[in-house]
Amino acid sequence: MVKDGKRHIDSLKDGRTIYIDGRKVVDVTTDPAFAKSVATSGGFYDYQSAPENLEAMTFVSPKTGDRVSRAWQLPRNPRELVERREALARWARLTCGMVGRSPDHVASTLAGFRMGLPAFRDNDPARAAAVESYFDYARDNDHYLSYVIINPQSDKAKTASGQPDPHLVASIVDEDSAGITIRGAKMLATSGIMANEMLVSGFNALQAGDEAYAFTAMLPVGTKGLTLMSRRSYEQAATSEFDYPLSTRFDENDAVVYFDDVKIPWDHVFVFKDLKMAQAQWHDTRAHVFQNYQCMIRLMVKLQFLLGLARKIAEINNIINYPQVRETLGLLAAKVNNIEALIVAMEAAGEHFNGYYVPNRTMLCTAQVIAQTTYPEVAEAIRTLSGGGMIMVPSSYADFETPETRAIIEKTQRSVATNSEGRVKLMKLAWDAIGSEFGSRHLQYEMFYSGPTFVTRGNSFRFFDWDGVKGFVDGFMAGYGLPEATSLRPAAE
């Protein structure tokens with residue numbers, strides 16, 4: 001049977017070790033710091049299992065014959081790639097694009113690994129077999145996966161092995177016939193709280209001496225010795241859904257993960273002490289492309305939501321007919337459309353890769369570079385359009401319940417487009433989207449989840465067809481030269 005929300009939420013009651021506010025969490029599905037976000041994670045599966053969505057959101061597993069999320073689909077042609085994208089966009093719309101590590105993100109990473117299996121096989125057949133078998137397992141169980149691929153920040157001038165504490169960054173400390181043992185930390189386990197299993201790897205450049213840090217493996221979140229240290233829960237701090245409509249439901253959470261001599265079996269190890277494969281797994285397999293293609297789909301939906309928010313604010317404030325406001329909204333619309341256009345373009349200009357069809361890598365890099373500046377620009381425009389409107393709202397929903405304060409609200413919160421409740425509701429939504437802790441976290445997230453700008457722009461430089469454009473110039477220059485008379489003239493002495 002296709003996975004539904006109950007099945008997913010029940011699977012999280014696995015004895016996982018999570019700490020927040022100095023206490024150990026007993027059950028993430030009921031804890032006030034996580035329960036509503038966990039319910040949102042179940043909502044993804046309830047949506048896909050609804051009879052009217054089944055065909056669009058799932059496909060038939062080639063191994064079991066059961067239906068599983070299209071996040072696991074390995075497209076063979078442009079049509080299948082677009083069908084998969086449309087399913088991912090529908091999932092993103094459930095959360096206004098606010099859940100960055102929805103189940104389709106790390107599933108896309110694994111799909112990229114699987115499509116690039118020859119790169120693993122050429123390097124180490126045993127590790128390739130682990131990738132292949134684990135992909136089938138995760139797909140057929142329709143697992144929600146998270147990952148930790150960033151090192152804890154300490155001395156950024158030194159590599160993982162050069163840190164004062166050799167076990168600050170998760171590394172292999174032992175191996176035997178059963179598997180490997182890892183010790184140390186990784187971050188940020190976004191959505192790790194509501195995931196079934198976790199990928200542990202690295203994206204940072206490694207060098208000779210870092211072999212113990214050059215590994216990639218999968219393990220259940222409930223594994224003994226694995227501890228998640230959660231950041232502050234925005235969900236728990238929210239006073240009500242009316243006051244914080246996004247924070248209360250879509251706080252996917254982030255956590256530092258510590259591995260205290262955690263054992264991982266060989267059939268869950270994809271890379272083992274291999275500096276070359278630690279990098280090749282991302283780019284030689286197209287995993288980097290496929291996972292960030294998912295990011296762009298989600299960001300497209302999120303920007304569309306924010307664009308609608310900007311328009312409604314202009315209408316609420318009755319400034320929609322100001323020429324400068326129309327100019328601002330027109331510019332925002334073009335920037336948001338640009339992300340969608342790049343998604344369509346990278347599909348249309350995609351490539352056949354090991355028998356599969358994947359998005360165009362150069363255009364994906366272009367979208368990443370543009371996205372890092374587009375999101376802050378949209379957020380800043382919403383601030384400008386709302387002015388003091390997001391700040392002068394009542395303290396909470398409770399002010400509507402007291403006759404004296406409700407009367408003041410009705411006098412001061414006015415709009416030609418809606419009543420006082422409608423105005424307050426919209427401005428509180430806008431604040432939660434860009435001004436609250438939740439909103440500020442999203443700004444930081446969208447600016448840096450692809451990496452620093454020098455990384456994204458470096459990838460754009462790395463994968464662009466420079467030979468093509470240089471050849472264009474060379475071809476044109478080859479068609480002319482010095483005038484004939486000039487070329488015959490003796491060189492000046």
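Guide: Helices here are DSSP runs of H or I with at least four residues, strands are runs of E with at least two, and both are numbered from the N terminus. The model is predicted, so local features need pLDDT of at least 70 and side-chain atom pairs pLDDT 80 or more, while totals for chains, interfaces and linings use all residues. Residues are numbered from 1 along each chain as its sequence is written, and side-chain values use heavy atoms, leaving out hydrogens and water.

Helix 13 comprises 26 residues (361–386). From first to last C-alpha, helix 13 reaches 38 Å, close to the 38 Å expected at 1.5 Å a residue, where the expected span is 1.5 Å times one less than the number of residues. A kink of about 30° is centred on A371; the bend at a residue is the angle between axes fitted to the seven residues ending there and the seven starting there. At the start of helix 13, a side-chain oxygen of N360 comes to within 3.1 Å of the backbone nitrogen of T362.

Helix 10 (residues 275–283) packs against helix 11 (residues 287–316) at about 50°, with axes 4 Å apart. These axes are lines fitted to C-alpha atoms over the stretch in contact, and angles run from 0 to 180 degrees between N-to-C directions. Q281, W282 and H283 of helix 10 meet A287, H288 and Q291 of helix 11, contact meaning heavy atoms within 4.5 Å.

The loop between strand 7 (179–186) and strand 8 (197–200) contains L188. The peptide bond from M187 to L188 is cis, with omega near -10°. S191 lies in the loop between strand 7 and strand 8 and, although not a glycine, has a positive phi of about 65°.

Note on methods: Polar contact = N/O pair within 3.5 Å; in protein donor to acceptor, adjacent residues only side chain to side chain.
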